Amino acid sequence: MPELTRRRLLIGGAGAGVVGALGVGGVVGWNQLGSSSPVTASSDAVARAEAARRSAGQKLVTARLTPRPLTADLGGLTVDTWGYGDAVPGPVIRAAAGDLLRITVDNELPTETSVHWHGLALRNDMDGVPGMTQDPIPAGGRFTYEFTAPDPGTYFYHPHTGVQLDRGLYGALVIDDPAEPGDYDAEWIVLLDDWVDGTGRTPDQVLEQLLAGGMDHGGMAMGGMGGMGGMGEGMQSALLGGAGDVDYPHYLVNGRTPEAPATLTAEPGQRVRIRFVNAGSDTAFRVALGGHRMTVTHSDGFPVRPAETDALLIGMGERYDVLVTVGDGAFPLAAAAEGKQGRGLAIARTGKGGRPGTDRPAELDRRILTGADLAALEDVRLSSKRPDRTHRVAIAGAMAPYRWTINGRPFPDAESLPVTEGERVRLRFENHSMMFHPMHLHGHTFGLTRGGARKDTVIVRPMQTVEVELDADNPGQWATHCHNIYHAEAGMMTALSYQA
Ligand code: C2O
Ligand code: CU
């Protein structure tokens, strides 16, 4: 049963048993090329890169995260799940660019975990990928992450262990820009999530089911799927093609169901900065604020040429910041699950009165912006330079058997992508499947070619090719994978591997 074997390998954390050599400072050796050797997390180059980020008088920001089992009230829905502390989502962690963060993680889960700081170009040994940059944090264990946050922006944190992200284990990480004018009056942090845990099956059971049967409805009889809709069928989107594998019973905004939504407040006429984070595992969200247009100002933390829109499509792992001048009243902030039934909801309130008249604003079906429509602001645009190296990243897979690959092979058998520090690298994501994949790279922010947005997660539509470029300036071993967590677990992952 090769699928199960691989699954256990991935869920268990690659470092644990099967790829035993990959401890802290271990060698990511599944693709050692020629005479060059990988720049590992414990190498001098990683320490040197961090030393360059440090400054005298650097501010220290401390935080503590306690991943643990908890009973969460999601608004008319109480679930047993795993989260950071007492609630879903976890606490907002906030610092300014250049600060030193020290975050202690006390693992009170019954199993191992890790924490990844999604989107940050941080030191490789603090990136939180078991088997690649550190050993897993064992049940009952503690790990202290300490790193400089180099770039301002909207980020989030989550485990990089199995499908733990699809429980309640995620939270926002906001890095403020000390140099930013901050021309807004209020800020709303909006975390989007697709929810299944504690409703009759766990994410691990969902994965097991996918691996066992893919779209096969035979698999549905197992695992207490009860009244759930089918899996993998009918989840089609005009924007994205195959839009997901899991038909979730709930969609959450800031940990609340639409039945008892979160309320976001401001004064009428104020300019509000909304920081959207898609922390979902298998769902892209189409977001809109009823009665308003939004001006997109940042994508994955980096500024873009301001672009006005009615709605915005956000893939898993993507973040967008928008500005809105809010009217007087109560308005639905809707997050429709793209290509699926259902949506998340929050209420934006500046005045009195009850709930808004509709939960599904017309803006959702007007102009819809995606990351590909945006242009990087001048000062964060990559310099024009010929790539020193181009890597083809062919992504493919199928539902039955449920297997997702990069360049023909599933992680950890997939070949890593070698680079050398100082190079301009082009990645050519070629989607050979009928589903969309939000492709994410750790430790770097790439630029979409031809002056497109700076991003770390980019949607690649069915049969589409997307090219991005990056400067290889952050040595180490960096996971690159689909941010559909089920695809990543079923193999759609490899490493951008610095070689010395
Ligand atoms: Cu949020 Cu490796 O990812
Ligand atoms: Cu995918």
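Predicted model: local features only at pLDDT ≥ 70, side-chain atom pairs only at ≥ 80, totals over all residues.
Residues are numbered from 1 along each chain as its sequence is written, and side-chain values use heavy atoms, with hydrogens and water left out.

A pocket here is an open set of points on a 1 Å grid over the protein atoms alone, where a 1.4 Å probe fits, with protein on both sides within 12 Å along at least five of seven lines; lining residues have an atom within 4 Å of a point. The second largest pocket holds about 290 Å³ of space, the volume being what is filled by probe spheres set on the points, which are joined across faces, edges and corners. Of its 18 lining residues, the closest to the centre are Ala 372, Leu 448, Val 458, Gln 464 and Val 466.

Now the largest pocket, with a volume of about 520 Å³. Among its 29 lining residues, Asp 177, Glu 180, Arg 273, His 298 and Pro 303 are the closest to its centre.

Last, is Arg 319 buried or exposed? Arg 319 counts as buried, because its relative accessibility is 0%; buried means under 20% relative accessible area, exposed over 50%, partly exposed in between (1.4 Å probe, protein chains only). A polar atom of the Arg 319 side chain lies 2.8 Å from the backbone oxygen of Thr 154.

Key: Chains lettered and ligands numbered in written order. Polar contact = N/O pair within 3.5 Å; in protein donor to acceptor, adjacent residues only side chain to side chain.
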